[in-house]
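Here is a short report for a reader new to this structure. Please look over the sequence and the model before reading on.

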Amino acid sequence: MPLFNPSLYADDQVIARPDCWWADAGVAVEVDSREWHLSPQDWERTLARHASMSAHGIVVLHFTPQQIKKEGATVTANLRSALATGRARPPLPIKAVPAS
C-alpha cells in the first residue's frame, strides 16, 4: 500500500508531495486532473515537480482520473512494471513524511 500525499525529502530539501508514494520501489504516482493542472502556471508546477523527483531517481507515473477509470488494466500494468523495476534497484535515500 502506498503513502498518500507524503512530503518527500532528500536530506532537508523538500522534493515534492506526490499523490502516491511507494518507498520500497522509489515510485511516485501523480493523478493529473484538468481542474488542477490545466492553467499554464499549474502545468509549470507539475513539470517542475516531475523534474525534481526524477532528478532524485524517483520513477514518476502520471495518470488522469479518466485513465484510471476507463483504462484500469493499463494503469495497473504500468504501475506493476514500474514497481518491479524500482524494487530491482537499491532503495533511494528519500525520506517520506506522511500527510497529517
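## Overall make-up

This is a predicted model. The protein chain holds 4 helices and 7 strands. Read from the N terminus, the order of elements is β-β-β-β-β-α-α-β-α-α-β. The radius of gyration is 13 Å, close to the 13 Å that the globule rule gives for 100 residues, so the protein chain is as compact as a globular protein of that length. Along the principal axes, the C-alpha trace spans about 35 × 30 × 25 Å.

Take the contacts between residues at least 6 apart in sequence: 58% of them join residues at least 24 apart.

## Surface and charge

Of the 100 residues, 35% count as buried. The protein chain exposes about 6,400 Å². Carbon and sulfur atoms supply 57% of that area.

The charged side chains come next. There are 10 positive and 10 negative side chains in the protein chain. The centres of these two sets lie 6 Å apart.

## The four-strand sheet

An open sheet of 4 strands has the order β1-β4-β5-β6. Its pairing is mixed. Strands β1 (3-4) and β6 stand at the edges, and each has a single partner strand, so one side of each is left without a neighbour in the sheet.

Strand β5 covers residues 27-31. This strand is mostly covered, with 4 of its 5 residues buried. For β5, buried means under 20% relative accessible area. Two pairings of β5 can be followed in detail. Strand β4 (residues 20-22) runs antiparallel to β5, and 3 bridges join the two. In this pairing, Trp 21 stands opposite Ala 28 of β5. With strand β6 (residues 59-63), β5 pairs in the parallel sense over 5 bridges. There, Val 29 stands opposite Leu 61 of β6.

β4 and β5 also form a hairpin, with 4 residues between them. Gly 26 sits in the turn and has a positive phi of about 65 degrees.

## Pairings of strand β2

Strand β2 (residues 7-10) is joined to strand β7 (residues 95-97) by 3 bridges. These two strands run antiparallel. Leu 8 stands opposite Ala 96 in β7.

β2 also pairs with strand β3 (residues 13-16). This pairing is antiparallel too, over 3 bridges. Here Leu 8 stands opposite Ala 16 in β3, and Tyr 9 stands opposite Val 14 in β3.

## Two loop residues with positive phi

Which residue in the turn between β2 and β3 has a positive phi? It is Asp 11, with a phi of about 60 degrees. The turn belongs to a hairpin formed by β2 and β3, with 2 residues between the strands. Asp 11 has this positive phi although it is not a glycine. At 72% relative accessibility, Asp 11 counts as exposed, since exposed means over 50%.

Where does Asn 5 lie? Asn 5 is in the loop between β1 and β2. Phi of Asn 5 is near 55 degrees, a positive value in a residue other than glycine. Is Asn 5 exposed or partly exposed? At 35% relative accessibility, Asn 5 counts as partly exposed.

Methods. Residues are numbered from 1 along each chain as its sequence is written. This is a predicted model: local features need pLDDT of at least 70, side-chain atom pairs count only at pLDDT 80 or more; totals for chains, interfaces and linings use all residues. Side-chain values use heavy atoms; hydrogens and water are left out. The radius of gyration is taken over C-alpha atoms; the globule rule is 2.2 Å times the number of residues to the power 0.38. Buried means under 20% relative accessible area, exposed over 50%, partly exposed in between (1.4 Å probe, protein chains only). Contact means heavy atoms within 4.5 Å. Accessible areas come from the Shrake-Rupley method with a 1.4 Å probe; for residues, only the protein chains shown count as cover. Lys and Arg count as positive and Asp and Glu as negative; His and the chain ends are not counted. The place of a charge is taken as NZ of Lys, CZ of Arg, CG of Asp or CD of Glu. Two strands pair if DSSP finds at least two bridges between them.
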